[in-house]
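Here is a briefing on one protein chain. Look over the sequence and the fold before reading on.

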Amino acid sequence: MRLSRVISLAALVAGPAVGCGDSAGPAGVTMADLVGTWSMTRLQWTEIGGASRVFDFIANGGTMTVMVAADGSVTGSGSFALTGPFTLSGSLALQVDTIMLDLQAQADNPGAPTLTFPTAFSFALSGNTLTLTNTSTVFDFGFDGSGEAATLLMVLALQ
């Protein structure tokens, strides 16, 4: 279960870093503002209610880099102790104040399960920092196969 959760975390990070289309986001953010190479500086799930547990992929040794192209395609790579290296691919669509994500993660470990990720993220761009939030996701804080309601916070820095 830990392996699937780690891969899920990696995939979630990569997806929200991009947008496509002609729509402008918060404060006039457009796809052109999102094109480039982004380093994940924070990828954190916080339990909603309950014990208010927190899991931060980056603080626990994970790494992730995401590349966003002008056409909205997303590629990336990263690593985590439980999964080893992984790659990311997919696309994002910018819809006014939301980034819609269609992302696939592929771990080098052939035993890694297929995962489903949140599809909608609110976002803010401040200078070279992109912050993405999903307040209705699920994370398995106990790594016991039982997911709990959570908020996902991702912070990326433009390289």
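**Aromatic pairs and the salt-bridge network**

Phe-55 and Phe-139 are both buried; the term stands for under 20% relative accessible area, with exposed over 50% and partly exposed in between (1.4 Å probe, protein chains only). The model is a predicted one: local features need pLDDT of at least 70, side-chain atom pairs count only at pLDDT 80 or more, and totals for chains, interfaces and linings use all residues. Residues are numbered from 1 along each chain as its sequence is written, and side-chain values use heavy atoms, with hydrogens and water left out.

**Aromatic rings**

- Six aromatic pairs turn up in a search of the whole structure. Rings of Phe, Tyr and Trp (its six-membered ring) pair if their centres lie within 6.5 Å; planes under 30 degrees apart count as stacked, over 60 as edge-to-face and the rest as tilted.
- Phe-55 and Phe-139 make a stacked pair, with 5.3 Å from centre to centre and 20 degrees between the planes.
- Phe-55 belongs to strand β2 and Phe-139 to strand β8 (residues 129-139), so this pair ties together parts that are 84 residues apart in sequence. Strands (E, at least two residues) and helices (H or I, at least four) are DSSP runs, numbered from the N terminus.
- Phe-139 also pairs with Phe-141, this time edge-to-face: the centres are 4.8 Å apart and the planes 65 degrees.
- Phe-139 counts as buried because its relative accessibility is 0%. Phe-141 is buried too, at 10%.
- Ring pairs join Trp-45, Phe-55, Phe-57, Phe-80, Phe-86, Phe-139 and Phe-141 into a cluster.

**Salt bridges**

- How many salt bridges does the structure hold? There are two. The criterion is a side-chain nitrogen of Lys or Arg within 4 Å of a carboxyl oxygen of Asp or Glu.
- Arg-53 bridges to Glu-47, with the closest N and O atoms 3.0 Å apart.
- The side chain of Arg-53 also meets that of Glu-148 in a salt bridge, at 3.9 Å from N to O. This pair links distant parts of the chain: Glu-148 is in strand β9 (residues 148-158), Arg-53 is in the loop between β1 and β2, and 95 residues separate them.
- Glu-148 is buried at 14%. Arg-53 is partly exposed at 33%.

**Around Glu-47 and Ser-52**

- Glu-47 lies in strand β1, which spans residues 36-47.
- The Glu-47 side chain reaches the backbone nitrogen of Ser-52 at 3.4 Å. A polar contact of this kind is a pair of N or O atoms within 3.5 Å; within protein, one must be able to donate a hydrogen and the other to accept it, and residues adjacent in sequence count only if both atoms are side-chain atoms.
- Leaving out residues up to four places away in sequence, Glu-47 touches Ser-52, Arg-53, Phe-141, Glu-148, Ala-149 and Ala-150. Contact means heavy atoms within 4.5 Å.
- Ser-52 sits in the loop between β1 and β2 (54-56). Ser-52 is partly exposed, at a relative accessible area of 44%.
- Ser-52 is not a glycine, yet its phi is positive, about 55 degrees. Most residues other than glycine have a negative phi.

- β5 and β6 pair in the antiparallel sense over 10 bridges. Pairing requires that DSSP finds at least two bridges between the two strands.
- Thr-87 stands opposite Gln-106 of β6.
- The hairpin of β5 and β6 has two residues between the strands, and Val-96 there takes a positive phi near 55 degrees.
- Val-96 is in the loop between β5 (84-95) and β6 (98-107). Val-96 counts as exposed because its relative accessible area is 53%.
- β6 also runs antiparallel to strand β7 (residues 120-126), joined by three bridges.
- Which residue is the bridge partner of Met-100 in β7? The partner is Ala-120.
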